[in-house]
Amino acid sequence: MGKDKDARECPYCHKIIRRPYWVHIQKRHPTEYEKNETWIQLYRDYESMGMQKDMCLMVISELFNVSQDDVESYLKKNSVL
Ligand SMILES: [Zn+2]
């Protein structure tokens, strides 16, 4: 078990960030943090990297401090899912 198992790459500046991930997004990328539209591009990016739907939803929910249900319903509403 590596101590970096929680390390994740920020999708915007590619810095390695740790839990809670949303703190970094809120502080460093406030414009993206405020806009739900950014979830759409992120979802498409993660999907194109071969990530499973549930994993995409989990990662986005952790980056933006929202529930996976919120992410899922937003993406459905915008015909991404
Ligand atoms: Zn960043």
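Trainee: Is arginine 8 buried, exposed or partly exposed?
Mentor: This is a predicted model. In it, arginine 8 has 17 C-beta neighbours inside 10 Å. Buried needs 20 or more, and exposed means 12 or fewer. So arginine 8 counts as partly exposed.

Trainee: Which element does arginine 8 lie in?
Mentor: Strand β1, residues 8-9.

Trainee: And what does arginine 8 touch, not counting residues up to four places away in sequence?
Mentor: Ile17 and Tyr21. Arginine 18 is 10 residues away in sequence, and its C-alpha lies 6.4 Å from that of arginine 8.

Trainee: Tyr21 is in α1 too. Which residues in α4 do Tyr21, Trp22 and Ile25 meet?
Mentor: They meet Glu62, Leu63 and Phe64.

Trainee: At what angle do the axes of α1 and α4 cross?
Mentor: Roughly 55°, and the axes come within 6 Å. Helix α1 covers residues 21-28, and helix α4 covers residues 53-64. The two helices are therefore oblique to each other.

Trainee: New topic. How many residues make up the largest nonpolar core?
Mentor: 11 residues in all. Among them are Ile25, Trp39, Tyr43, Cys56 and Val71.

Trainee: Which helix gives the most to this core?
Mentor: α4, with 5 residues. Helices α3 (37-48), α4 and α5 (68-77) each supply at least two.

Trainee: Back to Tyr43. What is tyrosine 43 in contact with, leaving aside neighbours within four places in sequence?
Mentor: Cys56, Ile60, Leu75 and Val80. Cys56, Ile60 and Leu75 are also listed in the core.

Technical notes. Residues numbered from 1 in each chain as written. Predicted model: local features only at pLDDT ≥ 70, side-chain atom pairs only at ≥ 80, totals over all residues. Axes fitted to C-alpha atoms, helices over the stretch in contact; angles between N-to-C directions. Helix = DSSP H or I, 4+ residues; strand = E, 2+ residues; numbered from the N terminus. Parallel < 35°, antiparallel > 145°, perpendicular 65-115°, else oblique. Contact = placed C-beta atoms within 7 Å. Core = buried A, V, L, I, M, F, W, Y, C linked by C-beta atoms within 7 Å.
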